[in-house]
Amino acid sequence: MSTPCYVFDFDEFEKRANTIVEALPNIPLTYSIKANPFLLSDLPDSIAHVEVCSPGELEICKALNVPGSKIIYSGVVKEEEDVHEAITYGVDIITCESLRHAALIQKEGVKAKTILRLTSGNQFGMSVDDIEYIIANRDEYFSNLDVIGLHYYSGTQKNLKKILKDFEKIEKALHHLKSKLLYEPSFIEYGPGLTVEYFTDKNEELELEHLKEAAVILNKFAGKHPLGIEMGRFLAASCGSFYTKVMDTKMSMDTNYLLVDGGIHHVNYYGQKMAMEVPNISVIESGYKYSIDELETKKGRVRADSRDIDYCICGSLCTVADVLVREATLPELSIGDVICFERCGAYSVTEAPVLFLSREMPSIYTKRGNEYTLVRDVIKASSINTKEM
């Protein structure tokens with residue numbers, strides 16, 4: 001097999017979704033596919049909707065035959081053709097981020113289940129005044145908007161204090177709309193943005209604790225209002241591994257360097273600053289000779305007599321910024337050995353700057369049980385970064 005490559009685990013994805021639903025049994029779960037669209041092809045039954053945030057993501061859903069009835073179509077920049085395509089495909093719910101969005105949905109001439117996004121203080125969503133205007137005029141000017149509720153999201157990696165503040169703001173808006181317009185929603189879509197632990201050996205234990213603590217607040221709110229939640233990072237992070245091969249080793253200025261064929265254009269951990277944090281890492285001896293399934297089973301196997309060395313792990317990009325980990329203590333490694341970065345299931349595959357320097361884009365495997373499937377082979381970035389090849 002070739003490196004660099006990703007492996008995304010459908011069993012872990014299903015386990016994660018089921019764990020969330022067990023903690024929040026009366027709250028429908030939505031998967032935000034921007035975290036990782038490659039998990040979409042084997043969607044757990046416990047996920048009620050997927051959130052789509054662009055025309056391209058809608059195209060992915062269509063290509064994978066995800067029914068429109070499972071889609072919430074979100075995103076700030078929706079043009080007339082985007083709204084038309086979404087409604088024509090039969091998306092279950094479309095979000096409204098502005099008065100212009102309301103006008104575009106109205107123009108379609110058919111009833112569309114709509115949720116109005118309440119801003120959290122940035123470019124997303126609308127003020128309470130704009131939401132009030134749409135609801136107050138839904139019979140006259142916005143008759144095609146079946147306004148079923150509100151949408152609210154304020155970011156990722158949130159603590160309980162932030163979630164409580166979110167609910168205070170939502171409650172305030174709901175009270176205003178009820179007292180002024182007698183409006184009560186039948187659906188409130190909320191992104192709790194629970195914290196994912198990347199830099200500890202107790203990541204799963206801590207994340208389950210975060211979920212347990214948040215469940216008290218979320219279930220209490222759901223007892224008063226028809227709540228749905230959307231998750232991306234918290235669902236997908238634990239579902240992916242990234243394999244990269246040692247291509248060179250050297251010591252310079254008392255620092256031991258490992259040069260690998262991956263880099264910051266492939267691995268992107270939220271909260272990583274100046275490469276100072278050490279994520280979960282496994283190593284495999286002589287990775288050249290292994291298939292992808294053998295790599296997965298041989299994680300952590302290194303030479304029995306190897307000594308531990310403090311390494312600075314750097315990628316293949318021609319920039320001093322391409323440092324994956326400033327200092328990681330690992331068994332002594334040689335050219336051809338493979339390093340596995342764990343918990344790369346969210347965002348790394350889509351968010352990192354993969355086209356920089358025209359390095360090859362990694363291959364992607366999915367896993368179900370002991371079966372591995374190559375879903376995307378290596379792509380030459382040079383073919384994308386030039387007019388003709």
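User: Which strand and which helix each supply at least two residues of the lining of the largest cavity?

Analyst: In this predicted model, where local features need pLDDT of at least 70, side-chain atom pairs count only at pLDDT 80 or more, and totals for chains, interfaces and linings use all residues, they are strand 9 (227-231) and helix 8 (233-236); helices (H or I, at least four residues) and strands (E, at least two) are DSSP runs numbered from the N terminus. Residues are numbered from 1 along each chain as its sequence is written, and side-chain values use heavy atoms, with hydrogens and water left out.

User: What makes a space a cavity, and how many of 30 Å³ or more does the count give?

Analyst: A cavity is a set of points on a 1 Å grid over the protein atoms alone where a 1.4 Å probe fits but cannot get out, with lining residues having an atom within 4 Å of a point. By this rule the count is 1 cavity of 30 Å³ or more, and the largest cavity has a volume of about 120 Å³, a volume being the space filled by probe spheres set on the points. Its lining includes Glu230, Met231, Arg233 and Phe234.

Technical notes: 1 Å grid on protein atoms, 1.4 Å probe; cavity = no way out; pocket = protein on both sides within 12 Å on 5 of 7 lines; lining within 4 Å.
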